[in-house]
Amino acid sequence: MYPQMMEFMFFTEKAAAANQRELLERCLRLADRFMAEGDQDLWNALHVSFLEHLPRTGDVHRTLRQAMSPALRRRWDDIVAYMDSIPRKDNS
């Protein structure tokens, strides 16, 4: 399920980058439905393989945020805040 959700993320991101607003909105409505009606496995896949990997900056980020429902945006914000709170290993 996780690879399929990652492909869904790429598909959604491409729709946002191409400014295909109707397709983007359909993708995000589906993500909302996954979140609201899916079981725990689907919920986890949505968070780990979809929301965690969406772009965090730039035009595509802004396009996605504007098209998201408030509930999905809150989930994304929570994940971004969590990811930003994890100490990064210094590879130098």
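I began with the length of helix 1: its 16 residues should span 22 Å at 1.5 Å a residue, and its end C-alpha atoms are 22 Å apart, which agrees. The expected span is 1.5 Å times one less than the number of residues. Helices here are DSSP runs (H or I, at least four residues), numbered from the N terminus.

A note on the source: this is a predicted model, in which local features need pLDDT of at least 70, side-chain atom pairs count only at pLDDT 80 or more, and totals for chains, interfaces and linings use all residues. Residues are numbered from 1 along each chain as its sequence is written, and side-chain values use heavy atoms, with hydrogens and water left out.

Next I asked which residues of helix 1 are buried (under 20% relative accessible area; exposed is over 50%, partly exposed in between; 1.4 Å probe, protein chains only). I found M5, F8, M9, T12, A15 and A16. They cover an arc of only 125 degrees around the axis, which puts them on the same side of helix 1; the arc is taken from the directions from the helix axis to the C-beta atoms. On the face turned away from that buried side I noted the exposed residues P3, E7, K14 and A17.

Then I checked the cover: helix 2, helix 3 and helix 4 are among what covers the buried residues of helix 1.

Leaving aside neighbours within four places in sequence, M5 is in contact (heavy atoms within 4.5 Å) with F34, L42, A45, L46, S49 and F50.

Last entry: just after helix 1, N19 takes a positive phi of about 55 degrees.

Terms used:
Helices (H or I, at least four residues) and strands (E, at least two) are DSSP runs, numbered from the N terminus.
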